[in-house]
Amino acid sequence: MAFSNMSLGGQIQKASLKGRVRGSESSAKSITFLILLWLGLLIAFSVLLVLIVTTLLDGYTRLDARIFTNYPSANPEKAGLRPAILGSLWVIGTVAVLTIPLGVAAALHLEEFANKHNRFNRFIELNVQNLAAVPSIVYGLLALGTLTLIGVKEKNIVLGGAVALSMLVLPVIVISTREALRAVPMEIRQGSLALGATPLQTAFRQTLPSAVPGIATGSILALSRALGEAAPLLVLGALVFVRFDPNGLLSGYTTMPIQIFNWTSRPQPEFHVLAAAASIVLLAILIAMNAVAIIIRNRYQRRW
Amino acid sequence: MSTLAPSRGSASGSTRGTGSLKTKISKPGERVVLIVLRLAAALTVVITIGIIVALLLPSIQFFAEVPIFEFLFGTRWAPRFADASFGVIPLVTATAWTTGIALLVAIPLGLGAAIFLSEYAHPNLRKTLKPILELLAGIPTVVFGLFALQFVQAVVFKQWLNLDTGAFSVLAAGVVMGVMIVPTIASISEDAMSAVPQSMRQGSAALGANRMQTTVKVVFPAALSGILAAIVLGISRGVGETMIVAMAAGGQAQIVTNPLDQGQTMTGFIANAALGDSRVGSIEYNTLFAVGLLLFVITLIINYISIRVVRKFREAY
């Protein structure tokens, strides 16, 4: 404390000597500090830019119709991403159907109805926070163990992968939905209750609709995380040669990230180009989803 | 929020209101909906119990064959060899290397970016850069893995820097993982610093401090709990990250002494071993879960420390 007082005193003296209040802003120390901060930002952004540019440069030559229409093949000239794109759609669609209603329901309970002083409810809160920090691959092991326990032989099915990813993103959706609900002012609930609505009517007709933009943003971000995730599916054996369109919840499948992993780990450089091309497709989808989420948040979220 | 809690409490506590309110609350059907909501919340606990059971059952079988002491402190990891050995230390050291390198990259870059955005950047610049940062946080880890293997390791390390390294290295995986974590750390610590009230900065400036002094001695300490939470989240993401290490760190389990060597992390082992089809109940299959259990326990401990640290350093305004 003494040290900081001294240095502050020093600064004041220096400033007054120079005859201007902001004199100390241009001291060598604070300029170096600012340059370091700049560098941090610059390096972080430029590496991420290099990542995107190298992926584009590596992959654009192979980014043609074959990527979208062809099936994986041992011949890199003929190989495509079609079943992986469809597989990703199946899995993500299932994840959305499973997690959004569940996550919103859980968040509604925790935020609107749960007695905050109840031990069990506090435990649920802590537990949700904990689950959000569990490594994704552990969810793969959980799904693998569960499927084994209930006697499912063929583990590489759409439903299995979707359940693993659902458990992974459920806490994310619960947390973001709670934040969205918390941002709705108390007066709206009180007004509704004063008009004679039951707490449940208040929640479903006032609070929840007001929180929809926040919930939508959180859900899209969570789904895009599930879309880019590969580790849990790898554990469930999604790394297979799929030469058919997945056609149901029990169908075999592979997803885009898994296909990228597969192509990257092959020795022939042609496959690495394919991996880069597939990465461009995946990146484009994810960036589009994230952008939509950010736009919804910035444009439709109400500030009270 | 705390002042609002009682009113919510009474809204949900159905027995307390007046008679008319009581009948409305117990409207037919509403009870059922409330119970459904409660069940959805309770499901998250079921998931945790599921994780513990799913990891424990095969792990118990595993530890029946391999003494737990040998597993935790053994220095040779060779589960598929004829003279199998299950010492997990090589996997743990590789995880420590990749996570450590990642933090060395991510903490300075992430905090630098966060401080700049929160304290120095023009509001308009911040409004543009923050969403881009969040967008970058959404890049999937396989794409980072491809980048680590094909560009950082193959081009930068081997061709440009001429480093003495093979096709894989712990360093490439760690550095790229660090870059992956930067947006997370930057975004969360920026939120924490932006939440520090403006009056504190003004007070500091009024005492004659310049921006750097205000940032380092006032804003940073005030936002410390949020910043530490961001770093701890970075650590747990690093420990749990799978695809980057599976693709770029290599598949040879050895005690890593040089970051240019390859090494297999805990997650890398699980990912690679899961590729081979192991029979349910076999020792190879159970090994997956034993390593998964260790990974789960490590992240639990990190998370517990995080909650404690955040509580300790939290400053409420």
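In the predicted model, Phe62(B) makes contact with Ile283(B), Asn286(B), Thr287(B), Phe289(B) and Ala290(B), leaving aside residues up to four places away in sequence. Phe62(B) belongs to helix α3 of chain B. The residue counts as buried because 21 C-beta neighbours lie inside 10 Å, the threshold for burial being 20 or more. A separation of 204 residues in sequence divides Phe62(B) from Met266(B), and the C-alpha atoms of the two are 16 Å apart in space.

The domain assignment of chain B places domain 1 at 5-65 and domain 2 at 85-313. The C-alpha centres of these two domains of chain B are separated by 34 Å. Their contact involves 8 residues from domain 1 of chain B and 9 residues from domain 2 of chain B. On the side of domain 1 of chain B that touches domain 2 of chain B, 5 residues are nonpolar, 2 are polar and 1 is charged.

The largest nonpolar core comprises 183 residues, of which Ala278(A), Ala148(B), Val176(B), Ile244(B) and Ala248(B) touch the most other members. Helix α5 (residues 89-120) of chain B supplies the largest share of this core, with 17 residues. Because residues of this core come from both domain 1 (5-65) and domain 2 (85-313) of chain B, the core lies between them. For Val176(B), the contacts beyond four places in sequence are with Phe144(B), Phe147(B), Ala148(B), Val152(B), Ile244(B) and Ala248(B).

Between the chains, 84 residues of chain B are in contact with 83 residues of chain A. Helix α3 (residues 30-65) of chain B makes the greatest contribution to the side of chain B that touches chain A, giving 20 residues. By class, this side of chain B consists of 55 nonpolar, 21 polar and 8 charged residues. Helix α3 of chain B is also the helix in which Phe62(B) lies. For the complex, the predictor reports an ipTM of 0.85 and a pTM of 0.86.

Chain B contains 14 helices and 2 strands. Its radius of gyration is 25 Å, whereas a compact globule of 317 residues would have a value near 20 Å. Along the principal axes, the C-alpha atoms of chain B fill a box of roughly 75 × 60 × 30 Å. Buried residues account for 47% of the 317 residues of chain B. Of the contacts in chain B between residues at least 6 apart in sequence, 73% connect residues at least 24 apart.

Chain A has 12 helices and 0 strands, and its pattern along the sequence is α-α-α-α-α-α-α-α-α-α-α-α. The radius of gyration of chain A is 26 Å, well over the 19 Å given by the globule rule for 304 residues, and chain A is therefore more spread out than a compact globule. The C-alpha trace of chain A spans about 75 × 60 × 35 Å along its principal axes. Of the 304 residues in chain A, 47% are buried. Among the contacts in chain A between residues at least 6 apart in sequence, 75% link residues at least 24 apart.

A backbone feature of note occurs at Asn162(B), where phi is near 55°, a positive value in a residue other than glycine. Most residues other than glycine have a negative phi. Asn162(B) is located in the loop between α7 (141-160) and α8 (170-194) of chain B. Asn162(B) is classed as exposed because 8 other C-beta atoms lie within 10 Å, and a residue with 12 or fewer falls in that class.

The mean pLDDT of chain B is 85, with 90% of its residues reaching 70 or more. The lowest confidence in chain B is found in helix α1 (residues 5-12), at a mean of 40, and the highest in α5(B), at 94. Where pLDDT is low, predicted coordinates should not be read in detail.

Methods: Residues numbered from 1 in each chain as written. Chains lettered and ligands numbered in written order. Predicted model: local features only at pLDDT ≥ 70, side-chain atom pairs only at ≥ 80, totals over all residues. Core = buried A, V, L, I, M, F, W, Y, C linked by C-beta atoms within 7 Å. Helix = DSSP H or I, 4+ residues; strand = E, 2+ residues; numbered from the N terminus. Domains from an automatic or database assignment. Contact = placed C-beta atoms within 7 Å. Nonpolar A, V, L, I, M, F, W, Y, C, P; charged D, E, K, R; others polar. Rg over C-alpha atoms; globule rule 2.2 N^0.38 Å. pLDDT = per-residue confidence, 0-100.
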